[in-house]
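Hi there,

Here is the structure I promised to pass on. Have a look at it first, and then read on for what turned up.

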Amino acid sequence: MLDATAAPVWLLCASAEALPLAPGSFDLVMCDHGAMSFCDPDLAVAEVAAVLRTGGRLVFSHTTPWPYLAWNFEQERVGRRLRRSYFGIRRFDDGAGEGTVDFQLPYGEWIRCFRRHGLAVDDLVELRAPKDATTSYDDFDARWARRWPAEQIWVTRKE
């Protein structure tokens, strides 16, 4: 039986836009709503592609563009109608002065970004809230996420 305490774990604090890691040193890079949401996609994808070995995978969860396109600034929550154009989306400032910036691309732009950096898309999973889902987030609605995907998981592979 493998002793889990024997496995060394290295922690690194660095920008995903400039990784201080050796090229081709990873088989898998995973991200749950972090760097792939808050960093420029062209820079972050290039950095991940550089540190992946051939056949390595980038797997990340990310908010879909739809909540941003349906965001109601007056109510400070996602609404049921589109309020801005899908084409040309890229950067969303939180508008609340908290300094949060999220990056979004149309799906075709994501695919072209991956291809530019030698990554192929193996899967895109658009998550759907179950019928009995609830949420503790004030600005999201589980019923909304039942009709439109609020989150997605990209699975890519370095060619």
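This is a predicted model: local features need pLDDT of at least 70, side-chain atom pairs count only at pLDDT 80 or more; totals for chains, interfaces and linings use all residues.

**The nonpolar cores**

Val45 turns up again in the largest nonpolar core, which has 25 residues; Val45, Met36, Leu58, Phe60, Trp110, Phe114 and Leu119 are the ones that touch the most other members. Two or more residues of this core come from each of β1 (26-32), α2, β2 (52-63), α3 (66-69) and α4 (107-116). The largest share belongs to α2, which gives five residues.

Leaving out residues up to four places away in sequence, phenylalanine 60 touches Cys31, Met36, Trp110, Phe114, Gln152, Ile153 and Trp154. There is also a second, separate core of seven residues, with Ala70, Val78, Trp144 and Ala150 among them.

Cysteine 31 is in no disulfide, and its nearest cysteine sulfur, on cysteine 39, is 8.2 Å away. A disulfide would need the two sulfur atoms within 2.5 Å. Cysteine 31 has a relative accessible area of 17%, so it counts as buried. Cysteine 113 is in no disulfide either: the nearest cysteine sulfur, again that of cysteine 39, lies 12 Å away. Cysteine 113 is buried too, because its relative accessibility is 0%.

**Aspartate 102**

Aspartate 102 sits in strand β6 (residues 101-103). Is this aspartate 102 buried or exposed? With a relative accessible area of 13%, aspartate 102 is buried, because the cut-off for that is under 20%. Its side chain makes a polar contact with the side chain of tyrosine 68, at 2.2 Å. Setting aside neighbours within four places in sequence, aspartate 102 is in contact with Tyr68 as well as Ser37, Phe38, Arg90, Arg91 and Phe92. Glycine 118, by comparison, is 16 residues from aspartate 102 in sequence and 24 Å from it in space, C-alpha to C-alpha.

Happy browsing, and write back with any questions.

Best wishes

How values were computed. Residues are numbered from 1 along each chain as its sequence is written. Side-chain values use heavy atoms; hydrogens and water are left out. Buried means under 20% relative accessible area, exposed over 50%, partly exposed in between (1.4 Å probe, protein chains only). A nonpolar core is a set of buried Ala, Val, Leu, Ile, Met, Phe, Trp, Tyr and Cys residues joined through side-chain atoms within 4.5 Å. Helices (H or I, at least four residues) and strands (E, at least two) are DSSP runs, numbered from the N terminus. Contact means heavy atoms within 4.5 Å. A polar contact is a pair of N or O atoms within 3.5 Å; within protein, one must be able to donate a hydrogen and the other to accept it, and residues adjacent in sequence count only if both atoms are side-chain atoms.
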